[in-house]
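Student: Hi! Could you walk me through this one?
Tutor: Happy to, let's have a look together.
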Amino acid sequence: MSALDILIILLRVAFGAFVPLSFVAVLVWMERRGAAFFQDRAGPNRCNVYGIRAGGLIQNLADGIKLIFKEDIVPGHIQHKLYFILAPMLVFITALLCFAVIPFADVLVLGDREYVMQAVPMDVGILWFLAVVGFGVYGIILAGWSSHNKYGVLGGLRAAAQVISYEIPMGLSLVSLLAVYGTVDLSAIAQYQGQLLFGFIPAWGFVLQPLGVIIFIVAAFAETNRTPFDLAEGESEIVAGYHVEYSSMKFALFFMGEYVAMFVSSALIVTLYFGSYQIPWLSTETLVAHARPVVILLMIGLPVIAYFFAGWIKKNNRTHYYRADDPRSRETAIYVSLLWSLVVVLEVILLIYLIFAAGGAADRILVLLLQIGSFLIKTFLMCFVYVWVRWTLPRFRYDQLQKIGWEKMLPLALLNIFITGAIIVSFS
Amino acid sequence: MAEMVKLFVNGQEVEVESGKNLIDALKVVGIEIPHFCYHPALGADGNCRMCLVGIEDGRPPIVPACKTPVQAGMKVLLDAEHIKKIQHDVLEFELINHPIDCPVCDQAGECSLQDYYMKYSLDDSRMRVDQVAKAKRMDFGCGVVHDQERCVLCARCVRFTRQITKTGELGIVNRTDAARVTIFPGRPLNNRYALNIVDLCPVGAMTSQDFRFRQRVWFLKKDASICHGCSRGCNIYIDHHREKYKDDIIYRFRPRTNLLVNGYFICDAGRLSYKEENENRQVTSLIEGRQAPFDETIAAIRQKLDQARKPLILISPDCSLEQMWAVRRVSTLYGASLSGFSDAYVKAGDGDDFLINDDKAANRRGLELLGIKTDRKSFIEALQKTDLFVNFNNDLHFSGVDEEIDALLGTVQSIAVCSHQRDVFKTASIILPIASYSEYGGTIINQDYVLQAFAKAVVKNEAGKDMLEVTRLLGGAVIDARHAWPGIRKSVACLADVDPAAIPAEGIKLQTGEDANVGA
Amino acid sequence: MSIKVRVVERKGRTFLEQLYLVEVVKGMTVTLGHFFRNLLDNSRLYVRHYPEVKPEISPRWRGRHRLTRHEDGSVKCVACFMCQTNCPSNCIMIEAGERFDGRSEKMPVKFDIDLLECIYCGYCVEACPMDAIRMDTGIFSVTSNSRESLLIGLEQLMETPGGFSEVDYHKGGG
Ligand code: SF4
Ligand code: SF4
Ligand code: SF4
Ligand code: SF4
Ligand code: FES
């Protein structure tokens, strides 16, 4: 193994571990700001370090510090301390492990070697995901049960029943999808979606499986215990459900676990149905072949985007009431200059690339970065859908939840299999 | 049992005792006739006219109920329109010059005028001329404060000083709207029952300097009890209240009617003795002056009693019968001599022929019946022999220092089980706090051998233990007050068939000694 | 005369509605509209920038209490305990004493309100026969770092001025 091999393995693993973690911060922020804007509120806009609020991100820092320094209580009535402590870890770790099999860029070809861009290159892909995600619910059940608290137990029971009900439609919708792709390897699935259908439609999952994508997304919401399926913590009736007895970092693990799970399932939805890292109409080979024009386009696009962004910042980052010597205009000035310096740095890097490094390996790395960017943007948008749904829909009642699962989604998923099967058979 | 007669009230047949007037007789069956001037202790004066009722087929058709004895077959009208109008008009008349001070009037909440207004009138005043101003906040002496404006001139107070105390300090002077109750110049109220006027006054014209403005009466919890001020055992209400964030304290004592013992009144000293219950209380257990937990103190006392050669136990004559019994049992348990010596509680010549007795001990008869020696000689002998003196709340200094006994006490080790901080207990090496009589229940026997029961009223934040409980912790066999009774019944002949749970409100007159002989 | 009966159509029973999806999408468009409106221009948020921008309080608002005074500055309260009697949370604690200024016989020597227990129901104001206690200070944020300081006494209650003019107070706000 060469040094390059080791470096790339390290990078891959680091990507798999740290991207979900750093996304937690972004997602928490997005949830808060999103919630606020959906409801015509402002969201976190007070926490600051020397007047810099980073659009509310500093709030996360404050929360983190708070959670770390809170007293870590194990209530006296708890009999199985080990399970009680194990539960949040389980939730968190399983959520994180799921991400390991998701490809975030096309296979990197450097010289004669190929590197699969997955934290753990594994060709069982989707099966691994199903296995590990199903394991995560044990964390919740364990937490509910070991809390020795009726609300906790109810929360755990609800979570268990819900996950069982929705794993079936989820699995069935996957069956038809896999029939289309003909593989369980996520890398292969991603590559498959680089093709064009009839020569002009990107062959993304949601085009091939319009019914399947809906079923899968709904089931994924249920699996992650997000609204409208968050009955496990229904605070109005069972306080906070399974994590009612948790505090401090143990609670934080549940909290972060939820966001990691949301991120991972977004990533999976993107991988399966929304073309993974593919940039529409620009397959890897096309990109590698036309690296220069792409870069030039980028160099033109960047300042334009930055211009509008800066305008938006200036418009919105100010105090909306009378305030002498508004400190927020100072803050705005800093943001805008930071933005422009970033643009300049990027332009310089791109220019250097254009002049010195175009062609060869550098092109491949450029495409890799572009694809990672595309993957992250898509995932981010999918996460936004999660937030969007959460702040739009009320929670289902428990009977409704089960009814939808068994009476609507299950038949639909079966129907989907028949239709898919019929089409595949008739075409082959 | 008095003879019963049947009569009709508003057409309804009721059966009442004969020989009473309409107000008293109908009250027993729950029919109220409004009245100001009549009071069973003072008789009917007939001056207020509030009690007018109709008698159908009677001559005259309208009579004052206070002056009308019940008769068989009488047809009394209470709810007829003309009777209601009379009540309404009498009230309007009373209220012409009434200041309606209710917000600042101590009587509000237990004021007849207020109650009747709410029940029979509820009209706005029609007066357009200024009210007659009279004196307010007049000091009548003996802690009685008079407000002439609020007076309804029922003359109860005047009659009290004339008929009951026979001192006659009060009188009504002038006529019509200038009439007022007053004292003779320079001669304020001067008798030992004066504060009863405050209870007698149906309105807030007479208030007590002591209770004035201290609490609104509707906050007070009113529990029946017995005054422990002297051997009369007057029946009282303990009016107490726990203010938020504070302790349960007693605000006043009021007389409770018991024709067998005290009638309708109590003496002023007894009335003010509630202060004793609030103040100077022993609340901490002390061992050699050091604050110690209760359990540790009990253990220390037990140990001392076990080690002592010949302990002497002195018990207070204020204790309940059950407590005395329990202490007696404990004294036998430890082989101690027991005394109820309490000559200090007798203040010769202090008593009178009404309520106040010379003997300030509440339950001396109890000591006597239980056969506990109270004489000085045997006590001093025992004290000379003893090496451990345990004092159960007996204030040997009740009427001053007793040199001889103090000298003897100085030579022995002593333990005090006491409810109050007093001089005599100061020298004790161990002090254990206990409940005082407002905080426990029991029975006592008064001077005239009337056995009366009283119940726990006040619950302190840091409640002292009942003396009974202390004796139990010291190894005594008596678990609670009820548990003492089989033993008491066996050893005291005249209590042989008493059921402590069934003692009537007015008590039981015991057949003892000569009485018993006379009865036999 | 017959009663007019209007039959209201019951929503949510058609197949499309039962499918939820269409309705969900409809709802989500609405919220997305709000999201973008606020994202693009956050001055349009329906928020008040408290604490910098204080809300306008109507004279009928039941804020922190105060004890009113006569023109000569003496307290109007006559310690009648009506407020204490009526207080559902038992948070008024009065001690009365003699008064010799000729206005009344009685006045409070101690008048404590435990603001932590108070539920701001205003019954005390309703009960007062003297118009001596009012909740018109306009103080709506009662905060402190210690419990003790929220047991406010006679001085504090008397020195707080009313937040509104007498006329506005009696009008009850427009
Ligand atoms: S005497 Fe009665 S009616 Fe008169 S002011 Fe006092 S409480 Fe009110
Ligand atoms: S002071 Fe009271 S008891 Fe005396 S006459 Fe007046 S109302 Fe009657
Ligand atoms: S507002 Fe209500 S709760 Fe508060 S002090 Fe007044 S009566 Fe009591
Ligand atoms: S009700 Fe009014 S006058 Fe009476 S005590 Fe309360 S504040 Fe004072
Ligand atoms: S009670 Fe009969 S006249 Fe006064």
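Student: How do strand S21 and S22 of chain B pair, and over how many bridges?
Tutor: S21 (residues 442–445) and S22(B) pair in the antiparallel sense over four bridges. Strands here are DSSP E runs of at least two residues, numbered from the N terminus, and pairing takes at least two DSSP bridges between them. This is a predicted model, where local features need pLDDT of at least 70 and side-chain atom pairs count only at pLDDT 80 or more, while totals for chains, interfaces and linings use all residues. Residues are numbered from 1 along each chain as its sequence is written, chains are lettered from A and ligands numbered from 1 in written order, and side-chain values use heavy atoms, leaving out hydrogens and water.
Student: Nice. Which residue is the bridge partner of Ile444(B)?
Tutor: Ile444(B) is partnered by Gln452(B) in S22(B).
Student: And what sits between S21(B) and S22(B)?
Tutor: The two form a hairpin with four residues between them, and Tyr449(B) in the turn has a positive phi of about 60°.
Student: Which residue in S23(B) stands opposite Leu451(B)?
Tutor: That would be Ile508(B). S23 (residues 508–509) of chain B runs antiparallel to S22(B), joined by two bridges.
Student: How many residues of S22(B) are buried?
Tutor: Four of the five in S22 (residues 450–454) are buried, with buried meaning under 20% relative accessible area, exposed over 50% and partly exposed in between (1.4 Å probe, protein chains only).
Student: Switching to chain A: why does Leu86(A) count as partly exposed?
Tutor: Because its relative accessibility is 33%. Leu86(A) is in helix H3 of chain A.
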